[in-house]
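Subject: Structure for you to look at

Dear colleague,

Here is the structure I said I would pass on. My notes on it follow below.

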Amino acid sequence: MEIPDLVQQELGDEEIRGGVNLGDEDAACFTPTRTLVYRGEGLLSDEKVASYPHDFERLTVSEGRRKTKFSLIYTSEKLELSVPGSRGDAVLERLLEGKLTVSGGIAPDESLAGVFRFSELTLVVTDRQLLKHIGNVTWDADYEAFSFDDVTGLEFEEGSVATAVVLSFNERPERIKAPSEQAPMVRKTLEEALFAYHEVDSLADLNAKVGADPEKNADESGNGLGLESGIDPLVSNDEEGGDGSEAESASAGTQATTAATTEQGTTAEATTDTQSSDVTSVDTDSVEPDTSANPDIAELEAQVAELTAAVEAQNEQLQKQERTIKQLIKELRQGR
């Protein structure tokens with residue numbers, strides 16, 4: 001793309017790192033610190049250059065049928081930029097790259113592999129990390145960063161309307177749902193970035209290289225899943241309803257579901273405590289060694305066995321309810 005003379009005059013000591021043709025003679029030119037938008041001469045206007053510094057506080061995007069409008073909010077002002085809808089994604093990627101560079105979110109030599117927007121979720125994939133922002137604005141300082149150094153697994157769960165991307169960092173899963181029409185590009189971008197970073201050629205090789213220690217996982221699973229254990233398990237496919245439709249509907253009634261689950265858990269816990277007291281109240285010291293000759297003792301032992309089985313079953317149910325609560329909380333945090 002040819003750089004207009006008026007833009008060259010505005011550059012000063014800076015260099016242009018990229019550009020997007022906005023149609024006709026218009027163009028957006030990107031330096032490390034700002035975006036310069038050139039508007040060519042028209043019937044009613046002269047050529048001009050507008051500058052949009054990359055140190056904005058917030059960025060919002062509004063998409064229309066033909067135009068995409070960017071609102072850049074600074075400490076003391078708000079600037080707006082409209083571009084053709086077909087150029088919106090390219091401009092957004094460059095704006096976020098500039099913002100993350102000047103704010104230190106990415107290194108000067110770090111490159112963006114892709115930017116994706118799903119409703120109120122924005123994902124930025126670089127060659128070294130995944131950045132995630134949730135909110136009604138497209139971007140501000142409230143985002144999360146996940147380094148590829150900490151990746152311990154990647155898998156994809158395809159559903160009828162969305163694909164769940166399960167990317168684990170330090171054995172904790174980040175679950176991201178991408179609409180079916182965008183999921184293939186999300187998968188391609190993530191895989192290419194991770195494969196290159198970890199120097200592997202396939203998803204199987206990646207998981208084999210970064211996967212967690214099986215012995216460590218076995219030890220942790222044997223210790224139980226307490227609410228304070230720090231382990232954030234996913235609900236199984238059966239509990240989600242096969243393709244995840246039940247989990248999606250759960251978000252709409254999360255408060256009611258959580259309250260009901262908590263009440264069930266409290267009732268079951270109280271029952272467990274009562275039954276445990278019954279079990280521990282048995283005075284085993286008074287039991288005769290030869291129980292076959294005493295039918296009362298044999299009947300008592302049978303009752304103890306039944307109580308023990310009931311306690312174990314209820315403990316298992318409580319653990320299942322706990323996993324469901326954790327999943328609902330996680331989906332709330334992801335803005336679902």
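I start with the loop between β13 and β14, which is where asparagine 170 is placed. Helices and strands here are DSSP runs (helices H or I of at least four residues, strands E of at least two), numbered from the N terminus. This is a predicted model, so local features need pLDDT of at least 70 and side-chain atom pairs count only at pLDDT 80 or more, while totals for chains, interfaces and linings use all residues. Residues are numbered from 1 along each chain as its sequence is written, and side-chain values use heavy atoms, with hydrogens and water left out.

Asparagine 170 is not a glycine, yet its phi is positive, at about 50°. Glutamate 171 lies in the loop between β13 and β14 as well, and its phi is near 70°, again a positive value in a residue other than glycine. Glutamate 171 counts as partly exposed because its relative accessibility is 31%; the cut-offs are under 20% relative accessible area for buried and over 50% for exposed, with partly exposed in between (1.4 Å probe, protein chains only).

Serine 168 belongs to strand β13. With 14% relative accessibility, serine 168 counts as buried. Not counting residues up to four places away in sequence, serine 168 touches Asp150, Val151, Thr152, Gly153, Pro173 and Glu174, where contact means heavy atoms within 4.5 Å.

Helix α3 and its surroundings

Helix α3 covers residues 183-198, 16 residues in total. From its first C-alpha to its last it reaches 22 Å, close to the 22 Å expected at 1.5 Å a residue; the expected span is 1.5 Å times one less than the number of residues. The buried residues of α3 are Ala183, Val186, Thr189, Leu190, Glu191, Ala193, Leu194, Phe195 and His198. What covers them includes the strands β8 (112-118), β9 (121-126), β12 (151-158), β13 (162-169) and β14 (172-179), and also helix α4 (203-210). Glutamate 199 follows α3 and has a positive phi, near 55°.

How do the axes of α3 and α4 cross? They come within 10 Å and cross at roughly 50° (axes are lines fitted to C-alpha atoms, for helices over the stretch in contact, and angles run from 0 to 180 degrees between N-to-C directions). That makes α3 oblique to α4; angles under 35 degrees count as roughly parallel, over 145 as roughly antiparallel, 65 to 115 as roughly perpendicular and the rest as oblique. The contact involves Arg187, Glu191, Leu194, Phe195 and His198 on α3, and Leu203, Leu206, Lys209 and Val210 on α4. By class, this contact has 5 nonpolar, 1 polar and 3 charged residues (Ala, Val, Leu, Ile, Met, Phe, Trp, Tyr, Cys and Pro count as nonpolar, Asp, Glu, Lys and Arg as charged, and the others, Gly among them, as polar).

The segment before α1

Isoleucine 3 sits in the segment before α1 (5-11). Its relative accessible area is 21%, so isoleucine 3 is partly exposed. Leaving aside neighbours within four places in sequence, isoleucine 3 is in contact with Gln8, Ile16 and Cys29. Isoleucine 3 and glycine 19 are 16 residues apart in sequence and 9.0 Å apart in space, C-alpha to C-alpha.

The chain overall

The protein chain has 9 helices and 14 strands. Of its 336 residues, 37% are buried. Among contacts in the chain with a separation of 6 or more, 42% are between residues 24 or more positions apart.

Regards
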